[in-house]
Number of protein chains: 4
Amino acid sequence: MSDAPETAEHLQRVSVAAIDEILGVPLRVLDNGFVRVVDYMGSDAAIVQAARVSYGAGTKRVQDDTGLIRYLLRHRHTTPFEMCEIKFHVRVPMDTWRQWIRHRTANVNEYSTRYSIAIDAAQRTAPEAWRRQSPVNRQGSTGLIDPTLGSELTAKEASFQQASRSLYEERLALGVAREQARKDLPLSTYTEAYWKIDLHNLLHFLSLRMDDHSQSEIRQYAGVIGHQIVAKWCPIAWQAYLDYQIGGLHLSEVELGILQALLRNEPLVATQLARDAAWLSERGEAARRNRERDECDAKLLRLGITPPWHRP
Amino acid sequence: MSDAPETAEHLQRVSVAAIDEILGVPLRVLDNGFVRVVDYMGSDAAIVQAARVSYGAGTKRVQDDTGLIRYLLRHRHTTPFEMCEIKFHVRVPMDTWRQWIRHRTANVNEYSTRYSIAIDAAQRTAPEAWRRQSPVNRQGSTGLIDPTLGSELTAKEASFQQASRSLYEERLALGVAREQARKDLPLSTYTEAYWKIDLHNLLHFLSLRMDDHSQSEIRQYAGVIGHQIVAKWCPIAWQAYLDYQIGGLHLSEVELGILQALLRNEPLVATQLARDAAWLSERGEAARRNRERDECDAKLLRLGITPPWHRP
Amino acid sequence: MSDAPETAEHLQRVSVAAIDEILGVPLRVLDNGFVRVVDYMGSDAAIVQAARVSYGAGTKRVQDDTGLIRYLLRHRHTTPFEMCEIKFHVRVPMDTWRQWIRHRTANVNEYSTRYSIAIDAAQRTAPEAWRRQSPVNRQGSTGLIDPTLGSELTAKEASFQQASRSLYEERLALGVAREQARKDLPLSTYTEAYWKIDLHNLLHFLSLRMDDHSQSEIRQYAGVIGHQIVAKWCPIAWQAYLDYQIGGLHLSEVELGILQALLRNEPLVATQLARDAAWLSERGEAARRNRERDECDAKLLRLGITPPWHRP
Amino acid sequence: MSDAPETAEHLQRVSVAAIDEILGVPLRVLDNGFVRVVDYMGSDAAIVQAARVSYGAGTKRVQDDTGLIRYLLRHRHTTPFEMCEIKFHVRVPMDTWRQWIRHRTANVNEYSTRYSIAIDAAQRTAPEAWRRQSPVNRQGSTGLIDPTLGSELTAKEASFQQASRSLYEERLALGVAREQARKDLPLSTYTEAYWKIDLHNLLHFLSLRMDDHSQSEIRQYAGVIGHQIVAKWCPIAWQAYLDYQIGGLHLSEVELGILQALLRNEPLVATQLARDAAWLSERGEAARRNRERDECDAKLLRLGITPPWHRP
């Protein structure tokens, strides 16, 4: 093995200059939030180092580092990515934190409002930033509220947040325990945390939270972590991740069958597959709404193909 | 092995009559919360079954089930306890849920206020239930607020919670997306979740959340889960847990040394040990406040012993 | 909510007749191994139940159960799948178990050869089952050893395994501690374990271990668990899993770009993209071996497309 | 907060000189094994840093770092200890690795004998190091085998290990796939791995594996990790850990009741408690063997007290 004990020498810690430069510096998110890198372990080189222990001397000359990292990521050999670890200090509205904390494979120390007085800041929504409920996607938004109406919403929010803070401080002044006084703080109240996670799990977090289906607020944090931090920390792994997981396209078995039939120029076979999947009416029409069919349609369109059931 | 395939017979699922009786029935907690058992796997018998696979034929006749379970728990052979699993449906204020969710080794599905309108209930504090901030324990409460003052606090809370709900509903009526409209809901708002966990991790959760240092609200949930559910589900494991982990006493190395010295009737040695631990002033007095010494004092008092540094 | 406490009724445990039928029955794998279902919690219905708590009343009428499960799986809403749990009793060669145990999100009780005498069985390879080392895939096999030679290998293995067992038993007879006597047992020795895991993590295990790249022995166990057990336990989830994760096709960003160019009938653009990815020589030839390009080639061939760099 | 973004400055990474000195250097264990620190994140200071985020400004002046770390460890505030991470390169017999890998909360990359030829080294037991099976503790050893007999055992082991290596190499020479050729390697064969874990989980690993009940081989690795590495890396946390978890004494509820009764000079009450626990015969004699009673006896003896049931 390349680093068998006989030849093992004293090591220097791996460091990454681009991260050392921003260590401790708050990267702003939302009106009052931030993400700071506090510490890290490893880099692209550490992924390679761990993989070469797995694969032993055999890998030595076969592939260069970039090829190896791309291979690992493509084939879900995820353990070498766990060999990199990063620690953040974040400031986030509790509403966003409630989503964040659902990712269980991380280490967390959150600011305690039992122990200390709650942070005196709540996330405010600007007049032009109120989003409309999506009529089709029950858990999404689409478009914006008219800014005039938005101004009213923002003004009301400001006075409500002020009222809630007053109530909180009044309780404290009257001697109510902090752990109880806080119970009516709004979810928009900022909290802070140390959050430590390995690269594999961080990429998984980002793939869910940078996604369009994710809520705008947490997506902004994920974007900063991904594009401004991971991209600098492990640039080869990050590029591979963008290529394979973010920028790619996944076809299900039915979708693959339909695409193959269409490329063989057999639209009737394609339609039959769609009908078998209960996507179409008996007569082969895309009558009722069907999410799976809609998703297949969108993928075919990305390939420049109109599904036969939408052809005139 | 007792259940080698040659002799393996068709199994019946393990069931526990005392849990089957309460399956699905909400056990009330706080003003509007509950805990319901939705499903479970295993029982005391499953712990024994798993342990006997570990230990093979050797254990067969050596110990009865109770002795074996107690031995496992005492010696931290925790894996057999992971073979039991339980699933709850709970309704909890978000403030409490924020503490609950910190336990990572569980499976969770929480009610989504992106997808659906927030539950129209917030936890209300009764006039006689407002707690005073502890002057000594920064993260605790001690005693109660005067009920006359409490009435005022309760009335103000009611009108504040009503105002927050109105604000929320007004936003929804104006077309604001649910995911954004919710941002100023108070932490007292109830949420619901399915929560599934194995017995080992549940006991760990309970040891932290039934503890005096835990906040009253989550302690009430933990008490219901422990005394009304686990006690029925796995009574032998529960009793062993109460005996070893809840009802016991842990001495640190210094505390042990002091106790041994005192039992040998060598108070000067005991005092010296406390001085070495920086608990006492040079002259052997308990001058400054010191938490470790206070905790040692309390343990010695439970044994009926006055520490020499408090003797006149 | 559909099961708000007001209307909550006493529940019956979910059970699945097709699993109850095989509960405890050993399904044979390899020459001496098996998989037995010992207990389980939940079913397809439990996935739906948990998802409906997440999504609240909103989901009630929108989708039927099959549509909902397929949607959850397609969009990586994995938490409802964690609400199902299954417990196996398995008998596996230690060599295979070493791979199996790498999956960390499971509960395990293994037979202890410190506590008991090692199981007197080692996995034997039949004369026609010796596999040849693959010359291209360093970690794989391809084709079989000539059975005549195989007979020799099998005979030598049998006598070696006998010698190792004799050595083990001799040590025991001389009073050597079991924990030390076992140290030279071959990896082919069978072990047993209770293994408990939730459905989400089980599907992840299966996606890695049913894969072609996985070693034949563990693949046989995975096949039995998938096709003979999960297929009966949660048939809707299993079918969705086969459709989306097993039978599908994933394209990376580069592969997608190439496919799009080819479907637009722009082979030069496609070739340029491949050259940018360093898959081709300057002159556009697939000169050096390149794994990523090979994988792209294979995907295009599944779609009936010859890559331009392989066209005459 | 002490490091609010307004005042946040560019950070330097935390480093620990005593660890930097041994970074990469193999610390020898057994005849051919080692432990090397490859990288680390954090130190005692990082524990404090994370705790102060949890507790906010409140902690600033209250306690010094040592007092805070000791308080955290004593009261099971374990999350700040998770903020430290360490990565090892280890070389271990597979038999020992089978125990090691049971600790699931770690990141692992093991040397692959599918990919590369197995390491040509097996752990050899010296003539004077063969241990006798304990007659009372089924999973332990006690005392040593006579060295003359030990010499025979060692000689036989050497020739057996040689035979097994020959068989392995013969299979490889005949073209058998590495993944299959390895199946009869003895458990004593060395493997290597990168192993990364946070301090909280490492201390838990050590508390189980430095324990007397643990097998000698893994105990030697645990001892090196604890005393030669963690002691240098986080000396304050390590000392607190030794004081509270390793050097202490835990009494169960029954044991506590008995001790209290004896200190009140009420031996009859103590005997009655032991009888209630089914430790004694009806007549109050320690007739049958009972592990719980034996453990209580041992604890009382450490306190210099003879249990009444052993008094003449």
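## Stop 1: where chains D and C touch

Select chains D and C: their contact takes 40 residues from chain D and 40 residues from chain C, where two residues are in contact if their C-beta atoms, placed from the backbone, lie within 7 Å. Before you click further, note that this is a predicted model, in which local features need pLDDT of at least 70, side-chain atom pairs count only at pLDDT 80 or more, and totals for chains, interfaces and linings use all residues. Residues are numbered from 1 along each chain as its sequence is written, while chains are lettered from A and ligands numbered from 1 in the order in which they are written.

Now colour the side of chain D that touches chain C by element. Strand S5 (131-133), H5 and helix H6 (178-181) of chain D each supply at least two residues there; helices (H or I, at least four residues) and strands (E, at least two) are DSSP runs, numbered from the N terminus. H5(D) gives the largest share of that side, eight residues. By class, the side of chain D that touches chain C has 14 nonpolar, 12 polar and 14 charged residues. Here Ala, Val, Leu, Ile, Met, Phe, Trp, Tyr, Cys and Pro count as nonpolar, Asp, Glu, Lys and Arg as charged, and the others, Gly among them, as polar.

## Stop 2: the H5 pair

Next, select residues 147-173 in chains C and D, which is helix H5 in each. Their axes come within 11 Å and cross at roughly 160° (axes are lines fitted to C-alpha atoms, for helices over the stretch in contact, and angles run from 0 to 180 degrees between N-to-C directions). That makes H5(C) roughly antiparallel to H5(D); angles under 35 degrees count as roughly parallel, over 145 as roughly antiparallel, 65 to 115 as roughly perpendicular and the rest as oblique.

Show side chains for C:Leu153, C:Lys156, C:Phe160, C:Leu167 and C:Arg171, which meet D:Leu153, D:Lys156, D:Phe160, D:Leu167 and D:Arg171. The contact of H5(C) with H5(D) has six nonpolar, no polar and four charged residues.

## Stop 3: the axes

Zoom out for the symmetry. A rotation of 180° with 0.0 Å of shift along its axis puts chain D on chain C, RMSD 0.0 Å (superposed by least squares on the C-alpha atoms of residues with pLDDT of at least 70 in both). Look for D:Pro186: in chain D, its C-alpha is the nearest to that axis, at 2.1 Å. The two copies use the same surface, with 100% of the contact residues of chain D recurring in chain C.

Then try chains A and D. Chain A also lands on chain D with an RMSD of 0.0 Å, by a turn of 180° and a shift of 0.0 Å along the axis. That is the relation of a two-fold axis. Which residue of chain A comes closest to this rotation axis? Click A:Met41, whose C-alpha is 3.0 Å away.

## Stop 4: inside chain A

Hide everything but chain A, with its 12 helices and eight strands. Along the principal axes, the C-alpha atoms of chain A fill a box of roughly 75 × 70 × 30 Å.

Finish on helix H3 (residues 65-74) and helix H9 (residues 235-246) of chain A, which pack at about 45° with axes 9 Å apart. That makes H3(A) oblique to H9(A). Among the residues of H3(A) in this contact are A:Ile69 and A:Leu73, and those of H9(A) include A:Ala240 and A:Tyr244.
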